[in-house]
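Hello,

Here is the model for your files. Please open it alongside this note.

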Amino acid sequence: FFSVISCHPCPSGRCSRPQQVMAQKATEGFLRWAIANRVGGVGTHDSLVAMYHSEDERGLVCCERIHDKQVIISVPTRIAIKDYEDAPIDHLVYAGAPWSVRLAAQLVALRKEEKEKCPWAPYLAVLPEMVPSPLTTFSWEATQAIQYPAMDVDLNELIWITSNAKQQMCKSGKLKTEEDMELLEWAMSVVHSRTFATAAKGGGIGVRMLVPVIDMLNHSGDEARGPPGQQKIIATENVEWKLRAPDPGDDTNNWHMNLVALRNIQEGEELVLSYGERSNDDFLLHYGFVPARNPHDDYVLFEDWDEAENWLREGSLLHGDDIAHARIVVDTVYREVDPGILHYPTARQRSRLRLKRGGNVDPRLLTGFTAAFRNSTQDRAHAIDFVRKRCRNLLQDYPTSLVEDLEYLTFAAKEMDQGHGFRELLDYYRGLGGSDPVLLPQQGRSNGEWLKGRAELDLGVHKAIVYRAYKKMLLADCLFKPVL
């Protein structure tokens with residue numbers, strides 16, 4: 001259903017009547033709360049947008065033409081749930097808790113308050129019951145179908161953070177029951193999928209916050225549009241958020257988060273916001289979906305130079321002296337790290353050696369491999385050959401080929417396409433490697449064997465296959481197209 005003054009059915013039509021009624025009541029209560037807290041642009045006769053909310057869907061739709069640069073919604077940040085340095089929440093968490101736990105602990109405390117006494121109760125009522133992701137809703141089979149070591153590391157780290165938070169907070173009496181621990185799991189899934197971050201004056205993150213209304217927008221960001229191999233990056237979002245400082249003479253220090261149109265938006269269009277230039281790892285792990293043709297996806301070729309060095313040694317690919325020389329050069333490059341790598345939030349993520357769209361290889365890896373061929377006049381060419389050898393090794397390690405995954409997504413999971421264009425991608429990658437078997441179905445296994453029974457796989461497995469197919473495309477492009 002849509003909510004401005006009245007409510008209408010959920011767009012997907014998947015909600016049962018009782019679900020619609022419950023969601024309608026929750027949304028109406030939320031809108032009244034938003035208006036009472038002076039959120040501009042929603043719930044009144046002159047609103048430009050309608051809100052829809054169901055058990056598993058939510059968003060905002062344009063109900064009257066919106067002009068480029070027009071402010072659509074304005075939310076006072078005093079109603080946001082925040083975490084920042086020196087935030088007065090030590091009574092809720094343990095010392096040294098990461099930001100996600102600090103925000104989640106606040107949600108847990110608010111959910112445990114009596115509804116009549118909790119100032120945020122109407123907002124909590126429209127938050128999702130659980131964000132579908134590998135951490136929360138994936139079956140064992142779905143998690144295994146991801147088949148990407150870097151995601152395994154990230155998922156295990158998130159599991160550890162949540163488990164450690166439970167242990168620490170139980171020990172201190174902040175969590176007392178099984179229900180409390182389930183609340184923390186719910187809260188962790190919410191904060192990882194709905195948090196906005198503002199920049200600090202000295203760099204880094206200043207404030208992280210959950211912002212009612214604006215956090216209901218769905219994602220649409222950069223897409224690689226056009227035929228495979230000839231694609232252009234197109235921005236598909238139609239709104240952005242901006243912080244607005246207090247008006248001159250306002251001594252209340254009331255900041256606002258404004259939602260601003262990036263172009264003219266027509267009646268009936270959904271308002272969509274870019275969640276950022278992220279890899280598919282972030283989208284699947286924290287939001288539970290894989291965006292179509294995301295140009296910011298990457299592949300971790302090595303966790304760090306140590307792993308790359310071990311790969312060289314184990315394969316007897318170079319002499320020990322050459323590898324030692326490469327280590328000296330790489331250590332220097334790591335200290336002079338590319339600014340594009342600094343945005344990764346942890347040291348472990350900054351150490352990863354990635355392959356990006358268009359054959360862009362982490363300069364540290366390419367520099368190291370090039371340095372290892374110091375006695376060759378074709379040092380860079382040899383380095384690129386080694387990158388491609390790594391890509392081939394990784395493709396060969398998968399139990400299914402890229403073409404097999406795309407065949408499945410094209411023929412057995414058509415409902416999962418959602419703008420991915422799997423048929424077009426299948427035709428392209430079938431021909432990209434020519435007769436090279438690395439992309440093609442495994443010898444002796446027909447298409448029928450691979451597709452048999454796959455239509456019954458659960459949604460998590462479908463998502464995992466979409467995710468890993470995009471990873472394989474990055475490797476295939478590097479193997480058969482120019483490397484930068």
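Residues are numbered from 1 along each chain as its sequence is written, and side-chain values use heavy atoms, with hydrogens and water left out.

Confidence first. The protein averages a pLDDT (the predictor's confidence in each residue, from 0 to 100) of 86. A score of at least 70 is reached by 88% of the residues. Among the elements, which are DSSP runs numbered from the N terminus (helices: H or I, at least four residues; strands: E, at least two), β14 has the highest mean pLDDT, 97. Strand β1 (residues 2-3) has the lowest, 42. The pLDDT is below 50 over residues 1-15. That stretch still has 48 contacts (heavy atoms within 4.5 Å) in the model beyond near neighbours in sequence. Where pLDDT is low, the predicted coordinates should not be read in detail.

Next, the open sheet. Its three strands run in the order β14-β15-β16, with antiparallel pairing (two strands pair if DSSP finds at least two bridges between them). β14 (298-302) and β16 (360-361) each have a single partner strand, so one side of each lacks a neighbour in the sheet. Strand β15 (residues 353-356) is joined to β16 by two bridges. Lys356 has Asn360 of β16 as its bridge partner.

Last, the hairpin. Four bridges pair β9 (residues 222-225) with β10 (residues 232-235), antiparallel. Arg225 is bridged to Lys232 in β10. Six residues lie between the strands, and Gly226 takes a positive phi near 110°.

Best wishes

Note on methods
Predicted model: local features only at pLDDT ≥ 70, side-chain atom pairs only at ≥ 80, totals over all residues.
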